[in-house]
Amino acid sequence: MNEKAISILYIDDEEHNLHSFKASFRKQYDITITSSVVEAEQFMETKDFCIVLADQRMPHTTGVQFFEKIRTKFPKPIRILITGHTDISAAIDAINKGEVFRFIDKPWDYTYVETAISSAYEIYKTREDLKQRNMELQKANEELDKFVYSASHDLRAPLMSVLGIVNLALLEEDIKSQNEYLELIRQSVKKLDTFIINIIDYYKNARGVPVVTDISFEELVTEVQATIQYLPEYGNLTMTTDIDQTGVFQSDVMKLRIIFNNLINNAIKFQDKSKPDPYVHLTVKSTPTEAKIIVADNGSGIKESDQDKIFRMFYRAGATNSGSGIGLYIVHEAISKLGGEISVSSKIGQGSIFEINIPSILK
Amino acid sequence: MKPLLNFFLIDDSAFDLFIYEKLLIKSGITESVRTFNSAREALKHLANHGSTLPEIIILLDLQMPDMNGFEFIDEFDLLPEAVKAQIKIFMLSSTIDTRDIEKAKASPHIIDLLPKPLEVNFLKKKLDM
């Protein structure tokens, strides 16, 4: 029980019962006691309890009546009734009606109470876990729905473009212009391929088992640079790097590669061709505890109203040349999986700066 | 002989603008195609020059960043009646999502949803040509 202690509320009109209970269990559980049902309800308003114990025989309100009253308003805590032998039929009735989970007869015995509390807590925890899982599932389903919708578009659109070009090419008598059509088909196929690679990255990131190794940022950046510098859209962009790594930094190299790849590719894609010296500058400062990565460019920039939306799934900012809107979403997912943070500052027409902080993962 | 039609193409894909402009002209259905790579830009054009425009057929893409096809329709609805009367809108999209298809069918401003790639003969039939 080294996690958070089980929170218990105990209501009994006899003060000495309350105190002996607290004395016996206070080391084990987080206990709140009161002799008033009114006060008990007030406590429940302000604090989440896992288990509520109530004495059956109290003046004005019985334990069962109290449970009936709080049951709909506070359905989460597990209810346990404490009762003397004379109340046994009331207790059985309460159990059968579902008002209480267990009853403990008086005078109670330490181990018996402990067992009752453990099994009550198990039920409480199972229910809470189930609720949590349900929420996660719901979120996953919503995401999947959105995913299927947008993915079907991003997979079909380039294919339909290819088909359109083929139809057009078939109408063309001039053989020479066929090459132009082939070039368009090539670009469209590339676009489709990029999207499929992104989807696979996303999947690996979301479901794959992270592999933590020692990271050399120098190596990683060189590797990423090698894959991009021959891209036709690279143009006359200048990429400079400033990597300062001291000591051993540990992380998941695959996720880092996804992050570098997407951010640098974006800087290339959204470079401002009207500027004489388009650049992207990558800074990495890594210590054994954390790494700070900055990707700065003088590209077209991001509208202020878009800046908080660009990390959403399938959000596409900018009308021309934009991709499917999945790249930065994957980046964001990867960074949060690594326990890090990303922020952006950008001015339209001037450029963008992405700043990332990632802690080293201790094996 | 019927006068030639005027087309506006609205699509964020520079590809598709290129393809369908060529296709429409090659098919002989029109000699006048104007392309817009954003719905907002097209809307601005209609708002500013709507009253002086001839009859126009718009082929409107659905999934576009910033303003999508349906959002364009919502804004289009607010234009003066005289401008709207001059314009026929077809949605041209690769969507196969039933919600999109139903929404397009339900819209009073969208004559029909044409699947990509555009089949000019299909369009001609829709225009009673």
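Two strands pair if DSSP finds at least two bridges between them. Helices (H or I, at least four residues) and strands (E, at least two) are DSSP runs, numbered from the N terminus. In chain B, Phe90(B) stands opposite Asp112(B) in β5(B). Strand β4 (residues 87-93) of chain B and β5(B) pair in the parallel sense, over five bridges.

This is a predicted model, in which local features need pLDDT of at least 70 and side-chain atom pairs count only at pLDDT 80 or more, while totals for chains, interfaces and linings use all residues. Residues are numbered from 1 along each chain as its sequence is written, and chains are lettered from A and ligands numbered from 1 in the order in which they are written.

**The two chains**

The table sets out the make-up of each chain. A residue is buried if 20 or more other C-beta atoms lie within 10 Å of its own, exposed if 12 or fewer, and partly exposed in between; C-beta atoms are placed from the backbone.

| Chain | Elements | Buried share |
|---|---|---|
| A | nine helices and 12 strands | 31% of 363 residues |
| B | six helices and five strands | 34% of 129 residues |

Two residues are in contact if their C-beta atoms, placed from the backbone, lie within 7 Å. Take contacts between residues at least 6 apart in sequence: in chain B, 69% of them join residues at least 24 apart. For chain A, the share for residues 24 or more positions apart is 65%.

**Chain B**

From the N terminus, chain B runs β-α-β-α-β-α-α-β-α-β-α. Its five strands form an open sheet in the order β2-β1-β3-β4-β5, with parallel pairing. The edge strands are β2 and β5 (110-115) of chain B, and each pairs on one side only. Neighbouring strands of this sheet are turned by 25 degrees against each other on average, direction ignored. Axes are lines fitted to C-alpha atoms, for helices over the stretch in contact, and angles run from 0 to 180 degrees between N-to-C directions. Helix α1(B) packs on the sheet and touches β1, β2 and β3 (56-60) of chain B. Its direction makes about 170 degrees with that of β2(B).

Strands β1 (residues 5-10) and β2 (residues 30-36) of chain B run parallel and are joined by six bridges. Phe7(B) has Val33(B) as its bridge partner in β2(B).

**Chain A**

Chain A also has an open sheet of five strands, in the order β2-β1-β3-β4-β5 with parallel pairing. β2 (30-34) and β5 of chain A stand at the edges with a single partner strand each, so one side of each is left without a neighbour in the sheet. The twist averages 20 degrees from one strand to the next. Four bridges join β1 (residues 7-11) of chain A to β3(A). There, Ile11(A) stands opposite Ala54(A).

Helix α1 (residues 15-25) of chain A lies across β1, β2 and β3 of chain A, at about 175 degrees to β2(A). Helix α2 (residues 37-46) of chain A lies across β1 and β2 of chain A, at about 165 degrees to β1(A).

Helix α5 (residues 110-171) of chain A has 62 residues. The buried residues of α5(A) include Ala116(A), Ile117(A), Met160(A) and Leu168(A). They pack against elements of chain A, among them α6 (178-207), together with α1 (14-26) of chain B.

Across the interface, 20 residues of chain B are in contact with 21 residues of chain A. The chain B side divides into seven nonpolar, six polar and seven charged residues. Ala, Val, Leu, Ile, Met, Phe, Trp, Tyr, Cys and Pro count as nonpolar, Asp, Glu, Lys and Arg as charged, and the others, Gly among them, as polar.

Terms used. The expected span of a helix is 1.5 Å times one less than its number of residues.
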